Structures are given as C-alpha cells and as structure tokens.
Amino acid sequence: MKKDTTALPWWRTGIIYQIYVRSFYDSNGDGIGDLPGVTAKLDYLQELGVDGIWLSPVTKSANADWGYDVTDYYNIDPALGTMEDFDKLVAEAKRRKMHVLIDFVPNHTSVKHPWFQNALTGRHAQYRNFYIWANPKKDGRPPSNWRAYGGGSAWEYHSPSGQYFLHNFFKEQADLNWRNPAVREEFDKIMRFWLDRGISGFRLDVVNMLIKDAQFHDNPKAGKGDGLENRILGQRAVYNINQSGVHEILKRWRKVTDAYKPSALLLGESTLVYDIKEMAQFYGVHDELELALNLRFVQSPFKAPVLREVIEETNAAIMAPDWPVWAGSNHDNSRFPTRWAAGDERKVRCGLIVLLGLRGTPILYYGDELGMTDVFVAPWRMKDQRGKRNWPVDGGRDQYRTPMPWRNHKGAGFTRPEVRPWLPYGDLKIRSVEVEAATADGTLQFTKDLIALRRSEADLTTGDYKSLPSAPSVWVWQRGKGTRVAINMSEYHHEVKHMHGRITLGTVRQREGEHIDGLLHLDPWEGVIIS
Ligand code: GLC
Ligand code: CA
C-alpha cells in the first residue's frame, strides 16, 4: 500500500540533482555552461525523475574559485546569464513541479567585493568590521599559525593599514566576521531576496566555518589519527572551524526559511567534519539544517563493512524525524564511478543502488546517471586554482567538473562543435547521453528505472533501514515492511539466505521478474532489489 507522503516536504520523498552550471549546457556557444542551458535541459531532468536541482554558485564572482568568491550577492554572474534567465529557469522548473536550490556562500566574499574594497580603505572604514582583521604579533608574524585550504597562511598582510585579514581558503576569499550583527542582517536580506524569487532553498557552503576562535589560538599539529585534509595542512583545524557559535546562526536562518510557506530547505556542508556525531549536530534539535552533507560517506571506500557501518552510525546519530542525505560525487570529490568503481559498469550500478536504495535524500551529481567518470585534465588546461597553484602535489578539482557529455560528436552536445569548451570532455563513444539512450541496457536506463522504482514503492521512498545478516562483503538491508536490497561487493560468488519475493530491479537486467524463494545467488558485483 502506498503511504500518504503528501504531508512530507518534497525533498523527503524526492531526489536532488547537483548541477555544476559552467559544465552542464552552453546555450550561446562561448564554451561555458549557463542558466539558459540548464533551462533547456529541464525536460531531460524531468524525464530522469529528479525533483529538485541544486545549482553551483550563480551570483557574480571574481572566479578565483568559480563562484565561491562572490562579488555581488544580488546579481547573476554575466558568464552564466542574467537575472531574467534565472527567473525563467525558476518558472520553467516550477511548471514541471521541480524545485531550484542555489548555492549560498556566507563564509567569505571575494576580495573584489565592494565591502572588502571599502574595508581596505582604512581601520575605520564602514565595512572594515565585515571582515576579520588582526594586528601582527610583536615580531610581525601573522596573528596565529592557521593555514588556508589552498595553501599557505590563512592570514594576508595589508600594509597600508598594518593589519592582517583572515582567509580560510584562497587569499582572494576574505572571511566575513559573523560576530558582527550587521553581517547577519545583511545575509538574512540576501536569503529573502532569493526566496522571494521563488527558489526552494539553499545549499550552504562551509557552514561550520562561520565562527572562529575570538582569541585566534594556534592550531595544534596534525597527528596520525587526523583526516587527510588536516594532514595536508599539517595542523588540526581546531580554532578556525567548528566553533559552537555556528549553531546560533543556523537557528537564525531556519527561522528565515521556516517563515516561507512551504518552508525552504537548508542543505548544509560542514566541511572537514568526518565524525558522524559531530556532523549530526548541525541538524540541531530539528531547528538548524534540514540536511547535512555527509563527508564520511562520500570519502568512504566502496566496501560493504565500511559503508554498512557509516550508514548505521549516521542513522543512529540523526534524530527522527530528521534524516540523512547521500551523495556519491560532487564538485570537490572524485566522481563515484571513478573512486568507487574505477569505471567498472557493474560497480557503478551497485553504487547507484546504494545511493538510491538507502533511507535518506539522494543527491545525484550531474553525469552520475550515466556513470560518468573523472576526465583527465592536463596541467596546462586546468582551471581550478587549487590545481594550478599546487600541482602536482594537488591535482585540483577540474577532473570532476568536466562538461556533461550529451552527444557523441565534436563539442559533446555541450557546446557548438567549433567551440573549445572551458574544460575537456571524456570519450563520448564510451559515455554520452546519446549513446546511452540508444541502448535499453545502458546505465542511463538503469538509473531511470531505479528512480522510478524508488518513487513508486513507499518502502524505498520513506521506509526505515535495517541491516540484515550476510557474509561480510555482501551488504543486505531491508527498507520498510518488506523491500530488500542485496549487493555483492566482492569478486566472489555469494549466496544470501532468507530472501523472498520478486527481483524488481537488478544490475543484471535479465534477472528482473525472477522469483526468489529462500536462497539468492549473486554474481561478483551484482546487486538486486527484491520487493
Ligand atoms: C566548499 C565548496 C568548494 C569551495 C569552498 C570554498 O567546500 O564546495 O568548492 O572551494 O567551499 O568556498
Ligand atoms: Ca555559455
């Protein structure tokens, strides 16, 4: 029986699709994806079966970090389109009952933002206090040992005023001072500005960084147990991120979004937080984020015991009725078809079953539905400053931001054939919407069927999750009253006991419809859903 899910918000029953706008579809032939390009592809997305799209930053930017260094929060970046294009996209999405989320970047602005330009004019400038300034130590060194993500000290000296300003990321991204009430008020205004244009919520960038230690205490050295990012930094980011004052800001935003009917979604990123309990705190007591992105999950190896544990821990840490969100790829991490599957189609499909078969909101990154892999980007074609500045130690993030492969011909159907796209695309014969659409057994069709199944079965849409006993490398779980998912995550054949019902979806499609009565045989890297 189908549960009444009409009382739940759309993102509790639906699927979110992340679009890196510069790489989705170029409507005007300048080699850069844009907003009219997204609008042009809404039918494709509707047919795929997604309910909402999250757009990477679309506001005006100096593009040192492709949109994450904003110069104007109230305008669209000209490379991506106009405000009219944006309004049209929202309206066209609405017509298809689809929701638009935008990326919201509150931790820092571009140093070219007029606020920062004003702040540079002197210690008493009107906007000086919008940012975090501090005097040098007695010997002239920076106020603390904090390191920036992107390399070097997190402090940049401004000699005319004799003070340092803080930047947790590139030196082109000055951190805002969230202890200043005027900053809080300004950002309430920004939120309302976009909500009034009809968007359905925000993806909030690095929310766990908003507040920093007021005394700028030095961070301790990184140790063995620390995550990769901290080890790269050489220090544990204790004092420049994850301060408790952040929760007050999240509660404030929740009041802003809850005032809208229906209330808008707050989907937040707590970067560098690998600890699941710590991540779950950003949900507050149902009064902060509604979905908190799960870094531990994204960066886990594709191993049954590891993932099973992450999922169980996550489910236990988040207090119902709040629930988790699952993404396998994003613009900061290698795509799961590469990282989890090394391009192996069997594993890609198992990964898709994981993403769409768990309890929680799935986020697909553009191209996930095709099993799109990372694309090699040579150093001289790199566009991400992180790669450009730190290559070869850090290869940057371009490989997982490459153009969506629509067609199997020059330009990839992403841009015009005679135009050089801003980043290279992969092998179109192996992977493109056109090639996939021509085969009934392609990954695209598999994803569509999987999404359709998730939508049609209440067990899969909203049912609880329960791990079931199995061999360690086989992951078996139940959703709701009776739907079971079994994935053999190994190179060996396996048998799963106590399985009953019909295979409604399988990575080996010929098996669909098969009745299982007790013993389920699974080939290496085979997954099924039994209803
Ligand atoms: C987030 C974004 C990343 C960006 C950083 C700074 O982690 O996802 O792409 O570089 O914040 O804004
Ligand atoms: Ca364009």
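1. Ligand 1 is surrounded by 13 residues, and the closest are Asp65, His108, Asp205, His331 and Asp332; a residue counts here if one of its heavy atoms lies within 4 Å. The model is predicted: local features need pLDDT of at least 70, side-chain atom pairs count only at pLDDT 80 or more, and totals for chains, interfaces and linings use all residues. Residues are numbered from 1 along each chain as its sequence is written, chains are lettered from A and ligands numbered from 1 in the order in which they are written, and side-chain values use heavy atoms, without hydrogens and water.

2. By class, the shell of ligand 1 holds seven charged residues (Asp, Glu, Lys and Arg), three nonpolar and three polar.

- the side chain of Asp205, at 2.7 Å;
- the side chain of Glu269, at 3.0 Å;
- the side chain of Arg203, at 3.1 Å.

The protein covers 97% of the 310 Å² of accessible area that ligand 1 has on its own (Shrake-Rupley method, 1.4 Å probe).

3. The calcium ion (ligand 2) is coordinated at 2.3 to 2.4 Å by Asp26 (OD), Asn28 (OD1), Asp30 (OD), Ile32 (O) and Asp34 (OD). Donors are N, O and S atoms within 2.8 Å of the metal, or 3.2 Å for Na, K and Ca; water is not among the atoms, so sites may look incomplete. The donor spacing in sequence is D-x1-N-x1-D-x1-I-x1-D.

Notes. Polar contact = N/O pair within 3.5 Å; in protein donor to acceptor, adjacent residues only side chain to side chain.
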